[in-house]
Amino acid sequence: MVAASGPDPLRPDADPDRGYARVRRSGKSIAALLMDQKVAAGVGNIFRAEVLFRHRIDPATPGREIDHRTWRVLWDDLVDLMAYAKVHGRIDTVRDEHSPEAQGRPARVDRHGGEVYVYRRADLPCHVCGTPVRSSTLEGRNLYWCPKCQRRKSAPVPDRRNRLDVHGVEPLLSRPVRP
Ligand SMILES: [Zn+2]
């Protein structure tokens, strides 16, 4: 018997609390849980690394130490990031203040396109604090994080100005994508 898959951030009718019901009971790390299809469908390696960075969450934090508000902050950001990627065909996770233009640095060269904070940036300086990005293997997948920026177990209160919906992503979830 196949267990039902978890809520999908790309579906407007998804219920993130179904995912949280598993997270809050688990001693596994939030980094591992975000890759569990029963917790959330289709998150993948890039988004889990980036969403944890964006909210300063230590990837080793056990699920049972992730409070409900933090889960919802992570979820809402996954919705934005994944919708943006679907609409634009590239994955961008850096806030405007950390863009190549704002920081005067070269743009990223990667087949995924887009600008990211930590994914596949092992040993390169963190865009926020300059500390070398760390990587390790977790359940067979590479995990990337900044050991200085990501020390929190709960997310800071989100700053609306930093949401990607300034690019018009959020409305696109509920209406057809224009060419
Ligand atoms: Zn950092």
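## How α3 and α4 cross

In this predicted model, the axes of α3 and α4 come within 10 Å and cross at roughly 125°. Here axes are lines fitted to C-alpha atoms, for helices over the stretch in contact, and angles run from 0 to 180 degrees between N-to-C directions. α3 and α4 are therefore oblique to each other; that label is what remains once angles under 35 degrees (roughly parallel), over 145 (roughly antiparallel) and 65 to 115 (roughly perpendicular) are taken out. The crossing of α3 past α4 is right-handed, a term used if the near helix is turned clockwise from the far one by less than a right angle.

On the α3 side, Phe-47, Glu-50, Val-51 and Arg-54 make the contact, and α4 answers with Leu-74, Asp-77, Leu-78, Leu-81 and Met-82. Two residues are in contact if their C-beta atoms, placed from the backbone, lie within 7 Å.

## Helix α4 itself

α4 covers residues 68-88, and its 21 residues should span 30 Å at 1.5 Å a residue; the end C-alpha atoms are 30 Å apart, which agrees. That expected span is 1.5 Å times one less than the number of residues. Just past α4, Gly-89 has a positive phi of about 70°.

## The nonpolar core

The largest nonpolar core has 43 residues. Such a core is a set of buried Ala, Val, Leu, Ile, Met, Phe, Trp, Tyr and Cys residues joined through C-beta atoms within 7 Å. Leu-78 and Trp-145 are among those with the most contacts inside this core. α4 gives the most to this core, with 11 residues.

Setting aside neighbours within four places in sequence, Trp-145 is in contact with Ala-49, Leu-52, Phe-53, Pro-59, Val-118, Arg-134 and Gln-150.

## Asp-58 in its loop

Asp-58 sits in the loop between α3 (44-54) and α4. With 17 other C-beta atoms within 10 Å, Asp-58 is partly exposed (20 or more would be buried, 12 or fewer exposed, with C-beta atoms placed from the backbone). Not counting residues up to four places away in sequence, Asp-58 touches Gln-150, Arg-151, Arg-152 and Lys-153. The C-alpha atoms of Asp-58 and Arg-152 are 5.4 Å apart, although 94 residues separate the two along the chain.

## The whole chain

The protein has six helices and two strands, running α-α-α-α-α-β-β-α from the N terminus. These are DSSP runs numbered from the N terminus: helices are H or I, at least four residues, and strands are E, at least two. Of the 179 residues, 36% are buried.

## About the numbers

Residues are numbered from 1 along each chain as its sequence is written. As the model is predicted, local features need pLDDT of at least 70 and side-chain atom pairs count only at pLDDT 80 or more, while totals for chains, interfaces and linings use all residues.
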